Amino acid sequence: MTEMKRVMQRTGPLLGGTLAAALSLGPSATAGAEELRIGFIAPTTGIFAQIGKDMVDGFQLYLDQHGNKLGGAEVKFIVEDEQGKPDTAVTKAKKLILQDKVHMFIGGLLASSGYAMAPVSTAEKTLYIASVPAADDLTQRQLSKYPYFIRTTWSSSQPHHPLGQWACDQGYKKVAAIAADYAFGYEVLGGFQKAFEDCGGKIIQKIWPPLGTKDFGPYIPTIKSDADAIFTLMVGPMSLQFPKQLRAAGIKKPIIGGGTSYDEFVLPFMGDEVIGDVSALMYSAALETPKNEAFVKTYRAKYGKVPSYYSEANYTTAQMIDEAIKQSGGKYPGAEQFIKTMLALKIDAVRGPVSFDDMRNPIENIYIKKVEKKKMFGYDKPELWNTVIKTYPNVSQFWTYGKEKFLAQPVYSRDFPPCKYCE
Amino acid sequence: MGTQFWVVQAFNGISYGALLFLVGSGLSLIFGVMRIVNLSHGAYFLWGGYIALSVIGATGSWALSLPVAALAVAAIGVAMERLFLRSDGFARLRTALIAVGLGVLGALALAARWGDVTGGSWAGLVMLAAACAAIAYVLLDRIPVLAVETDVLRQVLLTVGFAFLFQQAALDIWGGNNMDINPPHEMTASIVVGGLYFPLYRVFMIGMAIVIGALLWLVMEKTRMGAAVRATVDDAQMARGVGIDTNRVSMFIFALGAFLAALGGVIGGAFLGIYPGLDFEILPLAFAVVIIGGMGSLGGAAIGALAVGLADNFGKALFPEVSYFTLYAPMVLILAVKPTGLFGRE
Amino acid sequence: MRDTIKILSVVLLLVALLLVVPRSGSFVVLLATRAMCFAILAMSVDLLLGFTGLPSLGQAAYFGVGAYLTAILATRYHIGLGWDFWLVVAAGMLVGAALAALFGLFALRATGVYFLMITLALGQCVWGLAYRWNSLTGGDNGINVGSRPNFGLDLTDETTLFFLVFGFFATSLAALYVLARSPFGRSLEGIRERELRMQILGYNTWLHKYLAFVIAGAFGGLSGVLWAHINGHVSPETVVLTTSVDALLMVVLGGAGTLVGGAIGAGIVFALREYLSTLVPWWQYVLGGVYVLTILYLPTGLMGIPAQIRQFRVADGKGGRSGKVKPLASAPS
C-alpha cells in the first residue's frame, strides 16, 4: 500500500499530462512565498542507479526527519534522473531551472557531470551545490569561472594528503601504486604521492589500469617485489576484484586504498581477504559518535542497508541548507548571499565538524580507516566495518601547503607529481 | 621481465580467453546457424550471474547455481527466439505477452495521472492493467506482424530493445549494487609452482572451457543434431530440402547459446563481479572474439577467444596507452580484409 | 503532384514548429533544439540506410569529431565564438567528411551484417581515442565549451539558438531532399534495390556508396558542431555506441528512406528519454518497448503507416494476414 503510493507519487503526471505540460506556457510550478524549490540530480536509472538511490535517500531522510522543511521553508524536492551521463545532466539541470524555476540544484555523480553542470549554474545564475562530484579543480584553479557554485563534501585529493602522511608515519619507505586511469585516479594518487614523498617516502611504480578493469591479471605480476606496501585506487566493481586477485596471486603486502576502494558502497559485498586493508575518507559508517550511530541505525532501518558516503554527503548537504536558510530568516536569499551564509557556517555533521574555506570547499575531519570484521551498533552479525584508526582534524583541500603555494602547482595528473623514483 | 613474467602473463591471458570462449562460442553459434546478431547476449551473461546469486542466496550452493542459472537463461533465450525472432507458431502467445506488458505500463500511467481510478490499491491496479491488456490484445491482434528473419537490421534493433528491457528488469529485480559471486573456499587458493602463484580459480576457468569446448565438439561432430546444425550452417535451404527440421535446429542453438552465455556469467561472476552495465561491457568483447575467429565456427571461437585474451593481457601489460585501440583496430582490419573472420566460411 | 503535396505538408509542419515551439515554455524550446540537432544526425543515417541500404552503427564517430573540434577550437584557440562560427561549421563538416572518407575505405569492403559490425568497430575506435587521449580530449572529464557564439545573434539566448538550429535543420532537410531526388540519389536507390544490376548498367557502385558515406559524414560533423554549443559540454559519453544505435532507431522508428521520418523519430526518442524520464521512473521500459513494437509492427516506420494500412486492407480482403515488406538490410546468405 505505501509502496503503491510511492510509485504514484514518483510517477507524476503522464500521457495526457505530458502533452499538456509540454505545451503549457511558462512554468508549471506555482511559486509560493515561503516555498523552497530544490532540484536534485542523480542517476536513478542505468548502471549507477544504486548510487543515485543512496544520494536521494540521504537527502530525503533529512527532509523526512524535519517535516519536509528546511530552515522553516516548505521544500519542494524535485528529483531528476541524469542517467550517469553529463549530457543528460545538463538537460536536466536546465529543465529544473527553466521549467521548475528551482532556487538551487544539487548533485550529479561523476566528475564529468560536475564539470558539465557548473557552467550551467554560471549561465543561468542559479546556485549549484556539488554534493558528490569531487574533481579538484572545481574548487581550485577553475573556481573563478563558477560564481554560483559550492561544494559540500570533498575534493578528490583532500583525504589522500593525510593518508600519504599516515603511510609515511607507519614507516613505509617504498610504495607501488595502482590506480584507475582517469582524472579521479590521478588526483587521488597525486595527493597521496605528494604528501608521502614530501615526508620522505618513495613511490617506486605507478600502474594505470583503465577504468572498469576487472581482470588484473596483466597488472599484478608487474608489481615490484621490493615495495613495502601497495597503494590502490579502485572504483565500483574494480574495488571488489583487485584485493581478491592480489591475494590469490600470493602477494601479502599491506594495501593502502583511496577512499572509493573500500567505501560502504562496496564493502558489504567484499570477502574476508580485505580485513586489515586501510583507506581514507571524510566519512566512515563505523564512526563511533552518537550522531553517526543514530544516523546509521535510522538509515539502515529505513532503507535496509548501511549508509555509504553518498548517503551521508547528501544528508549533510540538506543539513547545511537547513542551517543556511534558517540564518536567512526562512527565505532563500539569492545565490550570492546564500553562498556567503554557507561559507560562514560551522556545522556539526554526521561526519564530524564541517566548515568551509574561501574556495568554497569544506574543511573537515579525515579518517584513516581499517577494515575489520566485528559487530557494531548492536547488530547481531559480525560484518565488515571501516574502523577509524586515526583522525586528522580540520583538513582543508590544501592540506598543510597553504592555498597560494598549492594553487601554484598544476592540477594532479598522470605525470604530476612526476614519478622520480620509478626506474 | 624474465621468464616468470611471460609465464604468468600467458597463463592469465589464457584463463581470460577461456572465459571469453564461453561467451563468444554461444554468440558465434547463434550467428552461424541463424544469422542473428544477438545484442542481448550480454544480458544473458548478466542474468546468468544474477540468477546464480539468487540461487546461492537461497540454497548456499555454488555448484547448484551453475546448472540452474544456465538452464533458466536458456529457457529465457528459447522464449525470446520462439516468440519474437521466429514469427511462426506462437503468434497469439506473443501478442498476449506484449499486451500484458502494455497493459501494465498503461495502468501505471493511468494510475500516475489519475490516482483515484484504481482506488489506490494493488487489486485496483491489477484490474486496470488487465483491462488495458485486453484492449491492447484486441487491437494488436488485428495488426499483422512481419517476420524479422530476413532482415538483419530489424533483428539487431529488436535484440537491442530486449537488451534494454533486460537491463532495466535486472535493476528492478536485483538492485544496482556491485556484487560478487563467491565460489567455494577451496577454489580461492593458489597452486604454487616454482615460486609462481597460479590461482586455482583461473585453472578452473581453463578446465571448464576445455570441457565445454570438447563437449560442444562431440555434439557437433558425433550426433545427429550436430550434423543437422552443421548442414544448416552450410546451407539452410539445402538442409531443409533434405528433410532437416531447421526450425528445431534453430531453437536448439538459441537455447545452447543462451545456456553458454549464462554459464559464462556464473563462472565469470566470481572473476569480474556482477553489476549493472556488465552486459554492455562484455558484449563488444564477445563480438571481438566472434569477429576475429569467424562467425559460426567453434574452432574459430576458441582461437578468437585465445587471441583476444592474450592480446588484451599482453597489450595492457606492455602497451597500456592504447589498450582500447588494440581491441577495436584489429577488428576493423580483419573485417575489411576477410569479413567472415579468420575461420569463418564464406 | 503527390510530391508537391508532400513537400507542402512538410513545409507546413516546419512552419507550425517555428510558430508553436518558441511560445511553449523554455524547456520545450531546449528539447526541440536538441531533437532537431539529432534529427540532422538521423537524416545522415537515413541517407545511408534508407537511400543506400547501408546500416551504419558508427555514425556517432562523425558527430563526435564535429563536437570535439568545436570544443577544442573554442577553448584553446578562441575560434568560433564570433563570426568565425561559420568557419567552424564548415570545418566541422569537412572533418566529418574527411573521417568518413578514411573510414569508408574500410567499411565499404563489407556488406550486410558485416557492414554493421565494421562501422560499430570504427565508431568504438573513435570512442576509445576520445576516452584515452587525455591531452587532446580531456579524457573522462570532457571539455566545457564555455560561452556560446555571439555574432550579432547572441546564441546564449535559448530561443535564438532554437531558430539557428532550426535553420540548419531545415536547410539540411532541403539539401538532402534535393540530393535524394537528384540522378545521384536515384542511382543510390538503384544500388539499394539491386547493386549487381547497377554494376551491369555501368555504374561505379562503390564510388556512389563512398560518396554517400562521405556526405553522411559531413552532416554528422555538422550536427556535432551544433551539439557542442547546444550542450555546452563534450565528453566521451557523446561518442558512445548508444548514440549510434539511437540514431539508427530514430530512422527506423520514423521510417527509413523518408528523411522526415528520421526527424520525427528524433523528436520521439528525445521526448521519451529527456521528457518522459522527468515524469516517471520506468521510462526505460517504454523506450525498450518502443524498439520492440516498432520492429514488430511498424517495419516501415511511422511514415509507412498509411501504406501499411492500404496493404493491410488489400491483404485482409483476400483473407491473408501477412504483408510483404522489403527488408531494410538483407541478411547475407
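Reader: How many residue pairs are in polar contact between chain C and chain A?
Author: This is a predicted model. Between chain C and chain A, 10 residue pairs are in polar contact, both residues at pLDDT 80 or more.

Reader: Which helices of chain C supply the side that touches chain A?
Author: α2 (26-52), α5 (112-132), α10 (205-231) and α12 (260-279) of chain C each supply at least two residues. α12(C) gives the most, with seven residues.

Reader: What classes of residue are on that side of chain C?
Author: There are 15 nonpolar, 12 polar and nine charged residues.

Reader: How many salt bridges cross between chain C and chain A?
Author: The rule finds one. The side chains of E158(C) and K94(A) form a salt bridge at 3.1 Å, N to O.

Reader: What area is buried there?
Author: About 3,300 Å² is buried between chain C and chain A, and carbon and sulfur atoms give 55% of that. In residues, 36 of chain C are in contact with 40 of chain A.

Reader: Now chain B. What area do chain C and chain B bury?
Author: They bury about 5,000 Å² between them, with 77% of it on carbon and sulfur atoms. The rule finds three residue pairs in polar contact across this interface, both at pLDDT 80 or more. The salt bridge count between chain C and chain B is zero.

Reader: What about chain C by itself? How many helices and strands?
Author: Chain C has 14 helices and four strands. Its C-alpha trace spans about 65 × 45 × 40 Å along the principal axes. With 333 residues, a compact globule would have a radius of gyration near 20 Å, and chain C agrees, at 20 Å.

Reader: Switching to chain A. What is the strand order in its open sheet?
Author: The six strands run β2-β3-β1-β4-β5-β6, with mixed pairing.

Reader: Which strands stand at the edges?
Author: β2 (69-70) and β6 (149-151) of chain A do. Each has a single partner strand, so one side of each has no neighbour in the sheet.

Reader: And in what sense do β4 and β5 of chain A pair?
Author: β4 (residues 104-107) and β5 (residues 127-130) of chain A pair in the parallel sense, over three bridges. M104(A) stands opposite L127(A) in β5(A).

Conventions. Residues numbered from 1 in each chain as written. Chains lettered and ligands numbered in written order. Predicted model: local features only at pLDDT ≥ 70, side-chain atom pairs only at ≥ 80, totals over all residues. Heavy atoms only, no water. Pairing = 2+ DSSP bridges. Contact = heavy atoms within 4.5 Å. Buried area = accessible area lost by both parts, 1.4 Å probe. Salt bridge = Lys/Arg side-chain N within 4 Å of Asp/Glu carboxyl O. Polar contact = N/O pair within 3.5 Å; in protein donor to acceptor, adjacent residues only side chain to side chain. Nonpolar A, V, L, I, M, F, W, Y, C, P; charged D, E, K, R; others polar. Rg over C-alpha atoms; globule rule 2.2 N^0.38 Å.
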